[in-house]
Amino acid sequence: ADAKRELRLTSTPFDLNVRGDINITSISTLLTHWKTYFNQRFESEITFENTIRPVEDSLFIFPLDLNFNAKVKDVALLQTYLSDVPDIQTSASILGNITVDSKNLLFNANISDVSSKFGDTESDSLEAQITGNFRYNSQIKDFSGIELTANIGALTVSNTKTEDVNLVATLTNDSLRINQRVGKLGENASLDMHINTILRDTSIISYLDQFSLGNETYRWENDGIAQVVYDNNEKLFFNSLKLKNGNQLVELDGVISKELQDSMFYNIQNLDLKDASDLVDGRITFSGLVNGQFSTRSLTRTPTIQGDLSIEELAIQDRIVGDINVSSALNQELNRFDTRISVLTDSLKYPEYFIRNGRSGQDITIDGYVYAPTAEGIAERDTLYYFDLDFQEIDMWFLPFVAPNVFEEMEGTVTGSGFFYGNLDDYD
């Protein structure tokens, strides 16, 4: 006789149908059993928070072989009964199978959703398939398998619109391969990216095999295969990450960590901000040419910056701001970074601006210092940073773009001076 059981639940918030070896005690026990496994494996092999290794489990739990399908109909109603349900709008359907006991887990599922919204992320026409298998007494890097394929008709994240999104991810033991393609990103760009990741005992090593972002006019591509490594000391290494677009270059090399001796080097050449503005397709348009070489230290603790950065012909909403220059140099005698920031709309360089606006442009200088951390950390002092503010002229129209939460709309000019100082706790 067929010992299979069937459970059908029809309700206002969702429908559920399960058929197979339905054993409530086993379901509850196996959920806890495998949840513990994945938590331990994640903390041991991904975040390196512990060194727990899997052990042979002699526990016997009645095995399950279940076919299931479910349909979400009213998430808001679910949230009134279950506080853990996230604030999401969806009408997803899922169809799948799971075979599980105390030693092995195998599953597959097909997911479809006409539309969904979670926070600032919205999607339309989602179709996904996933299969997986794991062994309880093995590390993920020794025995595991996941295959995920997802296609999304349209995806919007923080006002950045994309269409025809395709993701293929394959995990085979210690090797993870991710291929992502976006047919349309922003106005008319596309993205094609291939990443290969290797799981090691003390590190995760990722290789950027291919990166291509742009359209017929411009296209950013990787120059060589970049390597990114995260290790069990919470250090993030970037080895020769170079992206090029014609004569434009963005290069990252170094280490991000809490350690003072570790630093990141940035090299930016001829970066056209208009390309980025067109790409994000945001509410605010901007343009300008960025050049600079600088390094940073202690980014995860108390960041410091040394070097030079300039933005030439910066414009917001097609209105000229001017030229911005930032320089920061280590004063070894005083153990501080002497820093200068200037914003200038040169009347000789931008005569049309003055003719069109009938007013002076930007003439702003911020000059000061930030004390450098030592091996012992940041020394306690009343003044950690100090800056003199010299506002020879501010054309105030651009202030709402710099501080939208403070200024809604501004016009006119202002002059003034002052100073700004503080420490890790207070500022004036």
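On a 1 Å grid over the protein atoms alone, a cavity is a set of points where a 1.4 Å probe fits but cannot get out, whereas a pocket is an open set with protein on both sides within 12 Å along at least five of seven lines; lining residues have an atom within 4 Å of a point. Grid points are joined across faces, edges and corners, and a volume is the space filled by probe spheres set on the points. The model is predicted: local features need pLDDT of at least 70 and side-chain atom pairs count only at pLDDT 80 or more, while totals for chains, interfaces and linings use all residues. Residues are numbered from 1 along each chain as its sequence is written, and side-chain values use heavy atoms, with hydrogens and water left out.

**Cavity**

- The whole structure contains one cavity of 30 Å³ or more, and the space in the largest cavity is about 30 Å³.
- Its lining consists of S295, T296, R297, T304, I305, Q306 and F337.
- Two or more of these lining residues come from each of β18 (286-297) and β19 (304-316); helices (H or I, at least four residues) and strands (E, at least two) are DSSP runs, numbered from the N terminus.
- The lining of the largest cavity comprises two nonpolar, four polar and one charged residues, where Ala, Val, Leu, Ile, Met, Phe, Trp, Tyr, Cys and Pro count as nonpolar, Asp, Glu, Lys and Arg as charged, and the others, Gly among them, as polar.

- The largest pocket has a volume of about 460 Å³, and of its 19 lining residues, I364, F398, L399, V402 and A403 are the closest to its centre.
- The lining of the largest pocket holds 19 nonpolar, no polar and no charged residues, and α5 gives the most to it, with three residues.
- In the second largest pocket, β6 gives the most to the lining, with five residues, and the classes are 13 nonpolar, four polar and four charged.

**Strand pairing**

- Strands β7 and β8 (residues 144-157) pair in the antiparallel sense over 13 bridges; two strands pair if DSSP finds at least two bridges between them.
- β8 also pairs in the antiparallel sense with β9 (residues 160-172), over twelve bridges.
- L155 of β8 is the bridge partner of S123, and T162 in β9 is the bridge partner of L155.
- Two residues separate the strands in the hairpin of β8 and β9, where S158 takes a positive phi near 50 degrees.

**Salt bridges**

- The structure holds 15 salt bridges, each defined as a side-chain nitrogen of Lys or Arg within 4 Å of a carboxyl oxygen of Asp or Glu.
- R8 and E6 form one of them, with the closest N and O atoms 3.1 Å apart.
- R8 is exposed at 65% relative accessible area, whereas E6 is partly exposed at 41%; buried means under 20%, exposed over 50%, and partly exposed in between (1.4 Å probe, protein chains only).
- R200 and D174 meet in a salt bridge at 3.4 Å, N to O. R200 lies in the loop between β11 and β12 and D174 in the loop between β9 and β10, so the pair ties together parts that are 26 residues apart in sequence.
- E234 and K258 meet in a salt bridge at 3.7 Å, N to O. Their loops lie between β14 and β15 and between β16 and β17, respectively, so this pair ties together parts that are 24 residues apart in sequence.
- R41, E45, K141 and D201 form one network, joined by salt bridges that share partners.
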